[in-house]
Amino acid sequence: MYALFKPDLLKLAHTVYHQHELFENGKVSADELNSIQLERLKSTLRYVREYAPFYRNALSAMSDSDIDDLNWDAFRKLPFTTKSDLRTAGHEMAAAPLTEAWIYYETTGTTGAATPCPRNEQDSIFNNSPLILRYGEIFRAHGSQHIIGVMGPTELHSTGDTFEDVCRSLGHTVVKMWPRSPTVGLDRAVTLIRELKITALVCTPAIAISLAKHLLQRDCQPSHLGVKLIFTLGELTTPALLRNIGEVWGSTIYNCMYASQESSILAVSNIQGNLCTVPLNIVYEVIDPLTGQVLEPEDDRMTGELVITHLYPGQKPLIRYRTGDMVRAQVLNTGQWHIIPIGRVRDTLIINGSTHCAYDIEATLLENLKGCLDYHILVEAVAGADQLSVTLELESSSATLNNLQFIASSMAEKLNTRVRIAVGSTDAVTGTAAMVSWKAARLHDKRQGSDNQERETALKIATWRA
């Protein structure tokens, strides 16, 4: 199942896969899960305290007996790890020297110093096992054999290697193709899809949109290429956006995972299209982003900032890491959470005194719209009140004036603001969300005092790519 030839790693790979298989099949009780998590947590704390310079200092007040006696209340008193910590500590976050890693990745560095994200074999074994199990079911629903075009953002990103390993384990063929690489480009990517009869794509929503726009500009329907399945990742994605992309491509589409370079795989899509957590690998918490208080479920639901702790001895385990991402979480009786990422903490937008998350803004715009390829929103203060001006790029002129007026009225009512909608072309900045943020890529806030620093970064990236 893995291309690993060290006997100890092969044994570990089979053990971890079997444990995840039992969990996915409902063979692990709630009490057993709680016990597994607590014991793995204690092991991880011992591991990072001994080997990671950052945590040796951050957890210096913990004694061996404190770890031995650890319960969940005591765990919640441990300090958070922040993105600032990762940038400041750099390689001192790692629990092993780089010579013990199998590969080195890092964050893009578009919104701050690039953060080192080395991985060892155990990182891949623990993270890839749930991907193999859940994606295997999805792929089988769309055919027994696939040729999969994997479109990662850069060579220093984990997407290509992760999907290569997972798809190879499932017996599928992988074509690594970066459409934004100068040696590939959109034309070559389209040629590869057509000539190799690629049946599945792995990419950001922005790449799927860019490819569709590129094809339509050449009077070619994306649906004629025969892509059966699209896995999107890396960006805020609402069901309405997925539906629009899927309709343009004539493909079944999944928001296939929630992950980051720093924290690896946090949630994986099941065959129903729900992002479900991986509690054998991670302890999840949801906190109030302002106070840091841990939230308890109300009617099995929570909304707040996601905090994660790794439960395996990878190259760089994180303890109570504040992801900076806002999520809606539903606690399931399986021990998993169904989570919906709704935007980064900094992606919230205040409109006429009310706060709205990125997810709800996009959903409100697209829920009654078909054939939408792309969109951009301008926020202005007009006559003392906030106003949204939306530019929609559509597959065709199928959207009627009445439909656009209905969508504008619906948005105005739900967001308590004036809304104007026009059909036109968006620019390259909308494709930068995976490297900057939804807000930087989709929103230009022209109100006095607004912070557009990230948008300036997005514009520079878009100009460089052009």
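Biologist: How far is the sulfur of Cys203 from the closest cysteine sulfur?
Modeller: The gap is 9.2 Å, to the sulfur of Cys256, which is too far for a bond. A disulfide here is a pair of cysteine sulfur atoms within 2.5 Å. Keep in mind that this is a predicted model: local features need pLDDT of at least 70, side-chain atom pairs count only at pLDDT 80 or more, and totals for chains, interfaces and linings use all residues. Residues are numbered from 1 along each chain as its sequence is written, and side-chain values use heavy atoms, with hydrogens and water left out.
Biologist: And how many disulfides by that rule?
Modeller: The count is zero. Cys372 is in none either; its nearest cysteine sulfur belongs to Cys203, 16 Å away.
Biologist: Is Cys203 buried or exposed?
Modeller: Cys203 is buried, at 0% relative accessible area. Buried means under 20%, exposed over 50%, partly exposed in between, with a 1.4 Å probe and protein chains only. Cys372 is buried too, at 3%.
Biologist: New topic, H1. Which of its residues are buried?
Modeller: Leu9, Ala13, Val16, His20 and Phe23. They sit on the same side of H1, because their arc around the axis is only 95°. That arc is taken from the directions from the helix axis to the C-beta atoms.
Biologist: What covers them?
Modeller: The cover includes helix H2 (30-51) and helix H7 (121-140), with contact meaning heavy atoms within 4.5 Å.
Biologist: Which residues are exposed on the other side of H1?
Modeller: Pro7 and Lys11.
Biologist: What follows H1?
Modeller: Gly26, with a positive phi near 75°. Helices are DSSP runs of H or I, at least four residues, numbered from the N terminus.

Methods. Helix = DSSP H or I, 4+ residues; strand = E, 2+ residues; numbered from the N terminus.
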